[in-house]
Number of protein chains: 2
Amino acid sequence: MKEQKGTEESALFVMDGVKGGHDGLSKISPKKFRKKKDDKFDLQKLAADIRSGNRIALSRAITLVESSNSEHKEQAQKLLQELLPYTGNSIRIGITGVPGAGKSTFIESFGTMLCDKGKKVAVLAIDPSSTLSGGSILGDKTRMEKLSRTSNAFVRPSPSAGTLGGVHKKTRETMLLCEAAGFDVILIETVGVGQSETYVRGMVDFFLLLVLTGAGDELQGMKKGIMELADGIIVHKSDGDNVNRARKTVREYKQILHFLQPATPGWMSTSLAVSSIAKTGLKETWEMICKFEETVKSSSFWDLRRSQQTKDWFHNMITDHLIESFYNNKDNKNLINDLEKSILHGDITVTQGVKRLFE
Amino acid sequence: MKEQKGTEESALFVMDGVKGGHDGLSKISPKKFRKKKDDKFDLQKLAADIRSGNRIALSRAITLVESSNSEHKEQAQKLLQELLPYTGNSIRIGITGVPGAGKSTFIESFGTMLCDKGKKVAVLAIDPSSTLSGGSILGDKTRMEKLSRTSNAFVRPSPSAGTLGGVHKKTRETMLLCEAAGFDVILIETVGVGQSETYVRGMVDFFLLLVLTGAGDELQGMKKGIMELADGIIVHKSDGDNVNRARKTVREYKQILHFLQPATPGWMSTSLAVSSIAKTGLKETWEMICKFEETVKSSSFWDLRRSQQTKDWFHNMITDHLIESFYNNKDNKNLINDLEKSILHGDITVTQGVKRLFE
């Protein structure tokens, strides 16, 4: 079978019937797909195709994971369970920054450099509001054009603006699929909106923050506490007239980082100047990440964090489920609204409100 | 009736029977208390006593609010509802800092100065682990000896180490009781442990962070993001040889604050050097808080924040209740433990774990 490379457009349209023809992978339109009750979903075949590095199979599996169809959900979980033993072998890198910091350009240059080094790089995006950030499926494709065409790379844009809860849940599972497909480096891009950085920090090993020169002004627009999540801060667009200013900004960030508690115990977060156009600082960024990996793996914290992340994920999903199913109940919702009014009006105390709600 | 001042020891022992004798306030030991089913709890009397500024009545009401007895709980809520119209007229100040920063000494000096100015000052403490911080009922009493004896002051130590959820819930209601009793300034002290600062930030107007000189080293031990909660940072123990170093530290903090998003929209968080022993910087601290009040009240944010805090409190209590009652179920707990093991062992996915849990 021919190895499929680079783009995954075709796979975006094959959702209705995951089971395919002889090779389990041929493109099936919903109309052509004849569903039989006794048709068993060929899980083993898909899992094997993913493990062999087939991009179409991987894309199809991701689409399956992202589907809200209950049958697909069940199939997705079976597939993930099948692939779990082959996950966990990548380095997981989260990348964030204000809009305009040049995240896509950086990922394009950085990812291409890693591919040239022989690394297999998967790029995933968490974008809770693609209209706000200007990012979109087409946007990502265009922006990371070169990387998308690189044989060692796999670029999976954010499916759509949606609830963050859903998106991050899927991104975590998508990451596992990419690991099973043999990717060494997973880059998860997010914008500084809502809780997305905290979610991404909760699923990666290394968290990278992209900023521009003029740190103070720049950070005004960023979320509180974001710097304290970062294992490394890239001062981007360090090219042309901007080189000296970028160096100065790097020094400023290093100074600030000195005041903050490290994001990862045993690792002193640091700052670097990078130009994705002049291709400077990219090698140093990778060296920084490799040194981080070495340092943190030599303590027990690497595995500890990953176990803790899995546990946290489980408990967050339990909490999400509890809250969601409670607030989704229409009677509860109406009663909460009424009680909220009474509380703000000073008619009842908050504790009384809670008591009445659960009576 | 004689006005009771300063200490509230006696009130700490009257919990069993809130209803007293003729004046509703006499000390009753559990043995002496004869409970009659038709005995109506004299709510109006207690409420009136609190509003008249009677400290014993206030202490008794706080003990009632803190009680876990279901009958007391109900009485406490009725009392709070009665007093709600008289709450909200104080300035609520949260104070935090690393152990050793001198929070109690600062509160003693600052509170005494405010009392001398004619302000009525209530001091409450949230201390989720009094053994860890060295704080305790006796400790607080001893440390704030002078303030405790000041007629305009009311010092209520943290009842005991306990679950934070319970403590903060009670502290918020205790704050309301103190406001109904006519206190102008509420100082809520907390240590930098767990989520306590976030809880305190969620119930105060102004949040003050106490630090020592040598900012960088000092903050290493503090929680992440704590600086970004602060409306003001006091560099404490600015006395003797330490004055110049304190001034330098103030400049450093001002520089860092410039890089951070303000804790309160429209207010530029700032830093001051204070000595509680030499009594320097205390007046300036109060001026800063007054200027803050004026600035934030002139925008609509003052009322907006308070409404939002009440709403958040309501929703947090709903969430707490949901999670608590779910995790308190023994079957759920056992199943969660088993599922957690299976997940960490790689037998099932997190999503499968959640699904099985709710099946």
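In this predicted model, the side chains of Lys297(A) and Glu293(A) meet in a salt bridge, with N and O 2.7 Å apart. Both residues sit in helix α12 of chain A, which covers residues 282-298. They are four residues apart, about one turn of that helix. Lys297(A) has a relative accessibility of 47% and counts as partly exposed. Over all chains, a search of the whole structure finds 20 salt bridges.

**Chain A as a whole**

- Chain A contains 15 helices and seven strands.
- Of its 359 residues, 55% count as buried.
- Among the contacts in chain A with a separation of 6 or more, 75% are between residues 24 or more positions apart.

**The interface of chain A and chain B**

- On the chain A side, 55 residues are in contact with 57 residues of chain B.
- The two chains bury about 5,100 Å² between them. Carbon and sulfur atoms account for 66% of this area.
- Between chain A and chain B there are 14 residue pairs in polar contact, counting pairs with both residues at pLDDT 80 or more.
- Six helices of chain A each supply at least two residues of the side that touches chain B: α3 (70-83), α10 (215-220), α11 (243-259), α13 (301-327), α14 (330-344) and α15 (350-358).
- Helix α13(A) gives the most to this side of chain A, with 14 residues.
- Sorted by class, the side of chain A that touches chain B has 28 nonpolar, 17 polar and 10 charged residues.

**Salt bridges between the chains**

- The rule finds two salt bridges across the interface of chain A and chain B.
- One of these pairs is Lys355(B) and Glu74(A), whose side chains meet with N and O 3.9 Å apart.
- Lys355(A) and Glu74(B) also meet in a salt bridge, with an N to O distance of 3.9 Å. Lys355(A) lies in helix α15 of chain A and Glu74(B) in helix α3 (residues 70-83) of chain B, so this pair joins two chains.
- Glu74(B) is partly exposed, with a relative accessible area of 43%. Lys355(A) is partly exposed too, at 45%.
- Lys355(A) forms a salt bridge with Glu359(A) as well, where the closest N and O atoms are 4.0 Å apart. Glu359(A) is exposed, because its relative accessible area is 70% and the cut-off for exposed is over 50%.
- Glu74(A), Lys355(B) and Glu359(B) are linked in a network of salt bridges.

**How the two copies are related**

- Two copies of a chain are related by a rotation about an axis and a shift along it.
- The same surface serves both copies, as 100% of the contact residues of chain A recur in chain B.

**Two buried residues**

- Arg201(A) is in helix α9 of chain A, residues 196-201.
- Arg201(A) is buried, because its relative accessible area is 10% and the cut-off for buried is under 20%.
- Leaving aside neighbours within four places in sequence, Arg201(A) is in contact with Phe206(A), Phe207(A), Leu229(A), Asp231(A), Ala263(A), Thr264(A), Arg305(A) and Gln309(A).
- His236(B) is found in the loop of chain B between β6 (232-235) and α11 (243-259). With a relative accessibility of 2%, His236(B) counts as buried.
- Not counting residues up to four places away in sequence, His236(B) touches Ala101(B), Gly102(B), Thr105(B), Phe106(B), Leu210(B), Val211(B), Leu212(B), Val274(B) and Ser276(B).
- The side chain of His236(B) reaches the backbone oxygen of Ala101(B) at 2.7 Å.
- His236(B) and Leu209(B) are 27 residues apart along the chain, and their C-alpha atoms are separated by 9.8 Å.

Conventions:
Residues numbered from 1 in each chain as written. Chains lettered and ligands numbered in written order. Heavy atoms only, no water. Contact = heavy atoms within 4.5 Å. Buried area = accessible area lost by both parts, 1.4 Å probe. Polar contact = N/O pair within 3.5 Å; in protein donor to acceptor, adjacent residues only side chain to side chain. Nonpolar A, V, L, I, M, F, W, Y, C, P; charged D, E, K, R; others polar. Buried < 20%, exposed > 50% of the residue type's maximum accessible area, 1.4 Å probe, protein only.
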